[in-house]
Amino acid sequence: METTEQPSQPSISAEWSLDPTTHSFSSDTSPTLTLSLTNHANRPITIYNEYLIPLKVLAEGHFVIFDHTTNKVVDQLKTRFCDFPPPSKIHVPLREHMFHTLYPGRPVSFTAMFGRSSKSPPRPRLEDQQRQARGVDGLEIGHEYGLRPGEGWGYIRWWEYGEKDEVINPPSGKLDGREIAYKRTKTPHPGIRVNVDALPEIRFRCVE
């Protein structure tokens, strides 16, 4: 009896960067945090990206900001996102913007402003002020910091072999938005754990 060899689960690596690594509070914008994913399989795959979005990871407080000046972990503002399914009679559209094709050996980057809001300039924490940080917003002038990956993120729950258009429009019909978003145990393949723990610390500093 002839058997068909199943392809092995893809390996995906991550790299990150912060630009610039010297933030001036006289600037109207925050530094840009970039997370890049590389597919090491020999064929393209398309992922549904829920847990590797820098903006969401930052907002949920999974990153660690370590103050090398005081040798303390910075207290960060954390936001919890409640993603409950709506009533069954409500149509759930497919979130096509969350699907991304990773081609072999070609990094795909996701970016976010490393601050509280893209609409307002980041402000420093003043002496004796109790203010939780988000990115550079709420950090202290003259301090040296380290950005570390932290825990609780770096997982790809849903993915499939192929390019985005063919994956979201299979021969059986377009993917179901409710099923993809909320039936978390119904996936084409086991999830992929991206080794974000191995990301190196990014050193940066804040000035006036």
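A: Let's start with how the chain contacts itself: of the contacts (heavy atoms within 4.5 Å) with a separation of 6 or more, 78% are between residues 24 or more positions apart. Keep in mind that this is a predicted model, where local features need pLDDT of at least 70, side-chain atom pairs count only at pLDDT 80 or more, and totals for chains, interfaces and linings use all residues. Numbering runs from 1 along each chain as its sequence is written, and side-chain values use heavy atoms, with hydrogens and water left out.

The secondary structure comes to three helices and 13 strands (DSSP runs, H or I of at least four residues for helices and E of at least two for strands, numbered from the N terminus). The part to zoom in on is strand β3, residues 32-39. Seven of its eight residues are buried, meaning under 20% relative accessible area with a 1.4 Å probe, protein chains only. For the protein chain, with its 208 residues, the buried share is 41%.

What does β3 pair with? Strand β1 (residues 12-19) runs antiparallel to β3 over eight bridges, and strand β8 (residues 108-113) pairs with β3, also antiparallel, over six bridges; pairing here takes at least two DSSP bridges between two strands.

Zooming back out, the C-alpha trace spans about 70 × 40 × 25 Å along its principal axes.

Definitions and conventions:
Buried < 20%, exposed > 50% of the residue type's maximum accessible area, 1.4 Å probe, protein only.
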